[in-house]
Amino acid sequence: MIELIVSLIAITLQTSTPLLLASIGECIVERGGILNLGIEGAMLIGAFTGFIGAYFTKNLLIGLLSSIIGGIIIVLIFGFLVIKMNLDQVISALAINLLSYGICIYFFRMIFSQGSFPYLSELFSPIPIPFLSEIPIIGAILFNQTIFVYIALIIIPILHYLMFKTRYGLSLRAIGENPSIAYRLGINVSEIRYIALIIEGALVGMAGGAICLSMFNVFDTRITAAKGFIAVSIVILGRWNPIGVLGGALLFGFAEALSLWVGTLIIGPISASISQLLSILPYLVTIIALLIGGRKAKGPASLGASFSRE
Amino acid sequence: MSSQIPSFFSNDIVLHVEGIRKVYPNGVIANDNVTLSVFKGEIHAILGENGAGKTTLVNIIAGCIKPDAGEIYVNGKKVNIDNPRTATKLGIGVVHQHFILIPALTVIENIALSLDSGFKLDLNKVREKILQISSLLNLKIDLNARIEELPVGLRQRVEILRVLCQNANILILDEPTSVLTPIEVEEFFRILRNLKEKGCSIILITHKVKEALSISDRITIMRKGKVIKTLTPKETNEEELTLLIIGEKQNSEFISLTEGNNKNKEILLLVNNLNVKGDRGELSVKNVSFSLYSGEILGIAGVAGNGQKELIEALTGLRKPESGTIIIRGENVINKKPKSLIKKGMAYIPEDRIGRGVILTMSIAENAILKIFEENPFSNKTIMNRNSITDYTQKLMKKFGIIAPNPNIEVRALSGGNIQRLIIARELSYNAKILIAENPTAGLDVRATDFTHRMLLDLRSKGMGILLVSADLDELLKLSDRILVMYNGKIMKEFNRNEYDIYKIARLMLGIEV
Ligand SMILES: Nc1ncnc2c1ncn2[C@@H]1O[C@H](COP(=O)(O)OP(=O)(O)O)[C@@H](O)[C@H]1O
Ligand SMILES: [Mg+2]
């Protein structure tokens with residue numbers, strides 16, 4: 001029984017990680033008043049560039065690095081559209097998602113011939129932390145994980161500090177509440193928003209990388225499976241707070257882990273259809289949680305609003 | 001005689017502006033050869049009607065807008081104030097007419113936002129600095145309160161503390177008293193005198209003659225962008241100043257309230273034990289009961305944020321009350337939608353003219369018929385009749401003095417006063433018996449305010465029942481037959497016209513029992 005729980009928690013940590021990375025990135029950007037619904041696309045690009053990088057260099061770390069760069073580039077294009085061009089955030093995000101999808105399909109077909117199934121020969125393997133990983137029961141859960149899980153867990157307190165204990169964070173929150181007042185106070189609105197977007201791009205790209213480089217060893221345009229959109233929901237449920245976001249990501253990760261885990265229990269002819277049915281669980285949880293928890297959510301006052309200096 | 005203007009090189013002049021001119025892109029000459037100087041440690045009032053160019057001058061000194069001509073000297077040195085930071089560095093601190101505070105952040109965070117310091121946010125250091133200044137001036141404030149929780153008077157205090165924390169010694173306050181109750185004004189003046197004693201020079205912008213006379217050392221009068229005169233309070237009086245402000249001719253336009261139409265008074269609106277929740281789920285209107293008669297103006301006094309907004313929204317069907325009854329002509333209309341309330345004869349002049357009163361991107365004509373477009377001759381339920389709509393609107397524009405080239409102009413091109421006229425015109429376009437007027441003159445200039453007041457009185461004499469919710473106590477005293485004072489969601493007391501006592505009402509507005 002205990003082993004069962006332990007393995008469930010271990011899977012939860014793994015499945016939560018891409019969600020956590022993406023939603024913490026989205027959290028910081030939304031605190032600055034930008035709603036980036038384009039992270040689904042950015043995550044896909046991160047997965048793609050990560051896969052390509054790792055595939056051709058046979059080096060997972062280079063894969064990780066390229067997923068980060070891919071994510072940053074796509075999110076910066078979004079930033080250019082909404083900050084520099086002052087375009088509508090939702091429309092820009094729509095464009096970004098379509099663009100990302102198009103890029104992935106086009107280049108994947110261009111690089112790999114039809115009918116070939118490129119895959120990575122290895123994935124990021126768990127790194128046990130000396131001593132700590134030997135603690136009975138919990139050691140194996142918490143301290144024997146892939147690099148992505150560690151990064152995600154370390155990034156939470158760092159971004160919490162950035163948001164609430166630095167001048168940067170204060171300025172960012174002020175912008176999210178009212179960019180024109182922030183501007184009048186002498187805050188460089190665009191600069192602060194671009195910095196937040198770069199952080200988000202790195203995290204979301206990494207989230208895509210986590211999927212390709214530590215969970216599956218292949219790439220497919222369906223690989224992100226709306227995790228970007230779930231991440232946006234997590235930010236709402238987590239009340240735009242890194243710690244709340246951690247809780248939300250774990251909840252969704254658990255739902256996914258549960259569906260995977262139950263799927264392995266059932267054997268026999270109906271197992272396939274049952275596990276298919278179960279795979280809707282994370283999405284169902286998203287909808288229910290949003291309906292229940294999202295009702296009284298009040299985000300930054302200017303979230304999604306466009307701002308120009310006039 | 002006008003007070004002599006001392007030489008440029010006098011050590012006593014901290015700020016001197018010379019020949020300032022500003023023409024806005026639309027051709028308005030907002031400042032025309034404005035010259036004035038401010039002495040060290042004086043309170044210098046700049047007095048003028050709405051539109052006289054006071055705010056423009058402030059914005060130029062603050063570095064928010066560029067003048068077309070003119071020079072500014074600080075402590076005898078010519079300076080070029082090209083952005084707000086420069087003004088701050090020169091020791092000029094401005095409290096703008098519209099506060100620049102972030103409501104969701106705390107007092108201390110708001111102040112920290114405008115103070116320079118490294119990467120780490122050292123709130124303790126900021127707190128120390130604020131406390132040092134606030135204790136010096138005896139300005140108490142809860143530093144951990146969020147701005148949105150504070151009444152306007154305290155928000156202003158935060159603004160003052162902020163500029164003082166930036167080490168300002170020339171303080172410019174743009175219409176600071178317009179948001180304050182009479183008691184808060186007294187407290188505010190105490191703070192100003194205190195600042196003056198500490199060596200601060202203060203420029204106080206106001207359009208209230210009495211205030212200028214009571215607090216300032218010198219008064220500069222502006223009219224139509226020009227400086228008319230600089231005087232000391234001793235050498236002048238209220239009448240003279242008033243004349244200087246508005247210019248020579250202009251007959252006394254003071255409205256006096258005639259006895260209401262007492263015959264066949266009927267109850268139009270009966271509110272009983274109404275409870276309404278606010279946005280954050282707190283009870284904002286608590287057990288409110290009152291009745292509104294035909295032919296009267298019932299005033300609701302209160303500092304903004306004491307439940308007036310929620311009350312109005314409940315009455316107009318925009319917010320669902322928790323409990324209670326709202327009876328119009330014998331029928332309980334609680335939970336009725338706005339459309340059926342309109343059909344029952346309720347009209348509404350919202351404070352948020354832009355957000356709630358008009359649709360900016362639609363034309364004057366379209367806005368004018370918003371509530372009657374389903375009727376003949378404007379449409380036959382499906383197709384609109386352009387010609388009759390245009391004719392109708394043209395007549396309205398004439399009758400209500402809405403100035404625009406034609407009815408098809410988009411409303412966003414209109415000034416605030418014209419928008420208000422349009423809203424009033426529309427609200428009277430159907431046969432309403434009840435009018436809910438929410439701060440109907442907020443932000444309007446003298447003429448538009450006067451027009452609105454006359455309109456309300458005219459409607460009253462025609463037997464309409466008007467609920468006038470206003471933060472402007474003078475307006476309420478002038479227009480209402482009865483006044484209810486609202487504080488913290490409750491009706492504290494009802495005053496009949498013969499019992500009006502400004503101090504009693506003001507104290508009740510602040511929740512101080514009398
Ligand atoms: N940004 C602007 N663009 C065009 N006209 C303006 C602008 N701001 C103010 N004005 C006009 O300039 C004149 C002076 O305005 P303002 O300085 O605000 O006066 P005050 O503060 O004395 O009421 C008014 O006629 C006003 O309509
Ligand atoms: Mg002004």
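The side chains of B:Glu109 and A:Arg173 form a salt bridge, N to O, at 3.1 Å (a side-chain nitrogen of Lys or Arg within 4 Å of a carboxyl oxygen of Asp or Glu). The rule finds 1 salt bridge across the interface of chain A and chain B. The model is predicted: local features need pLDDT of at least 70, side-chain atom pairs count only at pLDDT 80 or more, and totals for chains, interfaces and linings use all residues. Residues are numbered from 1 along each chain as its sequence is written, and side-chain values use heavy atoms, without hydrogens and water.

On chain A, helices H6 (147–165), H7 (167–177) and H8 (179–184) each supply at least two residues of the side that touches chain B. Helices here are DSSP runs of H or I, at least four residues, and strands are runs of E, at least two, numbered from the N terminus. H7(A) gives the most, with 7 residues. In contact (heavy atoms within 4.5 Å) are 18 residues of chain A and 20 residues of chain B. About 1800 Å² is buried between the two chains, 65% of it on carbon and sulfur atoms; this is the accessible area (1.4 Å probe) lost on being put together, summed over both.

B:Thr55 lies in helix H1 (residues 54–61) of chain B, and B:Gln97 in the loop between strand S6 (92–95) and helix H3 (107–113), 42 residues apart.

Conventions:
Chains lettered and ligands numbered in written order.
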